[in-house]
Amino acid sequence: MKIKITGLITLATASFLLSFTAVSCGLSGADLIEPVTISDTQQLLEIEKMTESIKTDAATAEKTSAAVTEQSTELPTELLTELPTKLLTEPPTEPPTELPTEPPTESPTELLTEASTEPPIENQEYDSSDACRLYVDTVLQNPELPTGCEVTALDTVLRYFGFDIDKLTLFDSYMPEGCEGEYTFDEAFIGNPRTYNGYGCFAPVVVTTAVNYFNCCGYNWTAYNLSGTSLSDLFIQIDAGNPVIVWASMGLTDISWQYRWTTPAGNEAWFPSGEHCMVLTGYDLNTGVVYAADPLKGSMEYSLSQFEYIYNRMNQQAVIVCPL
């Protein structure tokens, strides 16, 4: 019953609107369409239902869209708690603390074991260890060079550093030699090392021989005359890996400076009896010994105090070779 009344009211309203529209537009009754009858009530009711249904669907869709928009702009609280905390904070502005901010101020200790490239400075104090020994293969002077201990000691050191040279070639090709009375022992090897009548030479001649060999063969090495350096100060060279050619005597017996002459150039030459050259290869302050590669005897251990005494008597002559 309520539906029929609504339909009749709607129908009457529609007829009134149609008549009003016609009057407003200046239309006559002949121009009007045929009025709606009661028979059309059912159709009008259906149209009205459809209109209400569309409005309802549109309102529902609008509410659903608003809800979806709200969900898309706000994350659920439980999801926020699962996000990594580092994404919720600002990036660090300082470098990690474990990275050093300044370079180290001390040199690596392994650099202290490299071979020295400069001779020790006079009067410099050295802090060496209590003991150190280099294992050096000794080159023997006999039978080829019975008085050639100096060039043999040099050959021992060169071979220790890996140079392929023999003592005879080293003497014949690179060592200055001279006759008795013509040169000093700082200028040349005096005599013939292949005989028992040869004399010998001092540190400057060994340095010249080594430098001649390096220069001729194109090696970027050199030799240094460390004469005047105390025995204890030579130990720093052993610590650095440098065996040292030193002047002593055969069997560490005492010496006498008995050979003497004046050269034509006016230079005075002196040479001791029993002179001998060997290679200092180690020391042990705890036991009071030194180690040496002796061209006459091979690898030897000597009393530190006696070795130092003879070394001093021979005017503390010493030579090393090392890379430039």
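**Exercise 1. Find the residue that stands opposite Thr222 in β11, then describe how the strands around β11 pair.**

Step 1. Thr222 stands opposite Cys322 in β11. Strands here are DSSP runs of E with at least two residues, helices are runs of H or I with at least four, and both are numbered from the N terminus.

Step 2. Before going on, know your model: it is predicted, local features need pLDDT of at least 70, side-chain atom pairs count only at pLDDT 80 or more, and totals for chains, interfaces and linings use all residues. Residues are numbered from 1 along each chain as its sequence is written, and side-chain values use heavy atoms, leaving out hydrogens and water.

Step 3. Strand β4 (residues 221–225) runs antiparallel to β11, joined by 5 bridges. Two strands count as paired if DSSP finds at least two bridges between them.

Step 4. β11 also pairs with β5 (residues 244–249), again antiparallel, over 2 bridges. Here Val246 has Ala318 of β11 as its bridge partner.

**Exercise 2. Locate Gln316 and list what it touches.**

Step 1. Look in the loop between α8 (304–313) and β11 (318–323).

Step 2. Leaving aside residues up to four places away in sequence, Gln316 touches Leu226, Ser227, Gly228, Thr229, Ser230 and Tyr311. Contact means heavy atoms within 4.5 Å.
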